[in-house]
Amino acid sequence: PEEISLEAGVMVADMMTTGFHGAEMAGVEFGDTVAVIGIGPVGLMAVAGAVLRGASRVFVVGTRKNCIAVAKHYGATDVISYKDGDIARQVQSLTKKNGVDRVIVAGGDDASFSAAVKMVKAGGTVANLNLFTGIDYLSIPNIQWGSGLAHKTIVGGLCPGGRLRMEKLLELVRAK
């Protein structure tokens, strides 16, 4: 649409749709607690998507001041810095050892993926948007995974596209 800048249009067709897909895959519902690991452009859109889907508390993992400011603007409630130690421990501490309902992995490495499994509560979901390269395996911490019996769901995949999805996302941009 003419009232949407080309720059915003490119963001919708790439970062916005991908970040929102993370919130969709995670199954974010009203009142959920959510952690977003990595707050680059895709992670920031995952924050916005989680908030729009009704998350009550959104933890973000990142250190860049400009990204933290945008994450807070989009509704992030808590900021976790990997420079302050184990990110899963920090989330567990802030949630009184309950963990979060959903984790969206939008950055980091295999340690970030492992931390996601550690910080999601039993019955929760880890949604991966990150492309892991240069490694053969991802580690899943067995104890925190409940030896496979904690009903922790791990999902990942490419985001959907198409005209209808883009039109709906553009409507969100129009509505500011």
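Lys-176 sits in the segment after helix 6. Helices (H or I, at least four residues) and strands (E, at least two) are DSSP runs, numbered from the N terminus. This is a predicted model: local features need pLDDT of at least 70, side-chain atom pairs count only at pLDDT 80 or more, and totals for chains, interfaces and linings use all residues. Residues are numbered from 1 along each chain as its sequence is written, and side-chain values use heavy atoms, with hydrogens and water left out.

Most residues other than glycine have a negative phi. Lys-176 is not a glycine, yet its phi is positive, about 60°. Lys-97 also has a positive phi, about 70°. Lys-97 belongs to the loop between helix 4 (87–94) and strand 4. Lys-176 counts as exposed, at 89% relative accessibility. Lys-97 counts as exposed at 73%. Exposed means over 50% relative accessible area, buried under 20%, and partly exposed in between (1.4 Å probe, protein chains only).

**Pockets**

Lys-176 returns in the largest pocket. Its lining has 17 residues, and Met-16, Met-45, Ala-48, Tyr-74 and Lys-176 lie nearest the centre. Helix 1 (6–26), helix 2 (41–52), helix 3 (65–74) and helix 6 (163–174) each give two or more residues to this lining. Helix 2 gives the most, with six residues.

The second largest pocket is lined by residues that include Thr-18, His-21, Asn-128 and Cys-159. The table sets out both pockets.

| Pocket | Volume | Lining by class |
|---|---|---|
| Largest pocket | about 480 Å³ | 15 nonpolar, one polar and one charged residues |
| Second largest pocket | about 160 Å³ | four nonpolar, six polar and no charged residues |

A pocket is found on a 1 Å grid over the protein atoms alone, as an open set of points where a 1.4 Å probe fits, with protein on both sides within 12 Å along at least five of seven lines; lining residues have an atom within 4 Å of a point. Grid points are joined across faces, edges and corners, and a volume is the space filled by probe spheres set on the points. Ala, Val, Leu, Ile, Met, Phe, Trp, Tyr, Cys and Pro count as nonpolar, Asp, Glu, Lys and Arg as charged, and the others, Gly among them, as polar.

**Strand 4 and its partners**

Strand 4 (residues 100–105) is mostly covered, with six of its six residues buried. Strand 4 pairs with strand 1 (residues 33–37) in the parallel sense over four bridges. Val-36 has Ile-104 as its bridge partner in strand 4. Strand 4 also pairs in the parallel sense with strand 5 (residues 120–128), over five bridges. There, Asn-128 of strand 5 is the bridge partner of Val-105. Two strands pair if DSSP finds at least two bridges between them.

Strand 4, helix 5 (residues 110–119) and strand 5 make a right-handed β-α-β unit. Right-handed means that, with the strands pointing away from the viewer, the path from the first strand over the helix to the second runs clockwise.

Thr-17 is found in helix 1. Thr-17 is buried, at 1% relative accessible area. Beyond four places in sequence, Thr-17 touches Val-12, Cys-159, Pro-160, Arg-165, Met-166 and Leu-169. Contact means heavy atoms within 4.5 Å.

Val-60 lies in strand 2 (residues 57–61). Val-60 is buried too, with a relative accessible area of 0%. Its contacts, leaving aside neighbours within four places in sequence, include Val-36, Val-47, Ala-71 and Ile-80. Val-60 and Leu-44 are 16 residues apart in sequence and 8.9 Å apart in space, C-alpha to C-alpha.
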